[in-house]
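Dear colleague,

I am handing over the structure below, and my notes on what was found in it follow. Please read them with the structure open beside you.

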Amino acid sequence: MDKKQIHRELQFKAMRSSGAGGQHVNKVSSKVELTFNIPASEGLSDTEKQRILLKLHSRLTNDGALVLQCDEARSQHRNKDLVVKRFFDLLKKALTIPKKRKPSKRTKSSIEKRLRSKKKTAEKKAKRKPPDLGQY
């Protein structure tokens, strides 16, 4: 993954932010939308592209573009920095290969504890039954 190349491929669009803010929000385009076309990227290898497309398939558009928006701050520059940071965190998370889980072996004491518990429960239930008086 070539971060500088990917950063060059990012496309930004500024628009008016929604929500409360009075007159300021109506005249300033502080919301930033980031678009990154994964299949057309030259900063990612083919295996990285496949992994990202698989992991982030629910967040992609039909043509394989990832779109992120940020309107948290009042400044367009701050929103741009936030959305770029969020984008790279998302890419990093999508590209990490999870460790394979190795099932651990049960300890001898845990097996014995389980058997003792089962025996105790069985005895408790056996005591609930009416006594067997037998035949006279």
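Which residues form one aromatic cluster? They are Phe36, Phe87 and Phe88. Please keep in mind that this is a predicted model, in which local features need pLDDT of at least 70 and side-chain atom pairs count only at pLDDT 80 or more, while totals for chains, interfaces and linings use all residues. Residues are numbered from 1 along each chain as its sequence is written, and side-chain values use heavy atoms, with hydrogens and water left out.

A search of the whole structure finds two aromatic pairs (ring centres of Phe, Tyr or Trp, the latter by its six-membered ring, within 6.5 Å; planes under 30 degrees apart are stacked, over 60 edge-to-face, the rest tilted). Phenylalanine 36 and phenylalanine 87 pair edge-to-face, at 5.1 Å centre to centre and 65 degrees between the planes. Because phenylalanine 36 lies in strand β2 and phenylalanine 87 in helix α4, this pair ties together parts that are 51 residues apart in sequence (helices, H or I of at least four residues, and strands, E of at least two, are DSSP runs numbered from the N terminus). The rings of phenylalanine 87 and phenylalanine 88 have centres 5.2 Å apart and planes at 65 degrees, so this pair is edge-to-face.

Phenylalanine 36 has 1% relative accessibility and therefore counts as buried (under 20% relative accessible area, with exposed over 50% and partly exposed in between, for a 1.4 Å probe and protein chains only). Phenylalanine 87, at 0%, counts as buried, whereas lysine 102, at 76%, counts as exposed.

Best regards
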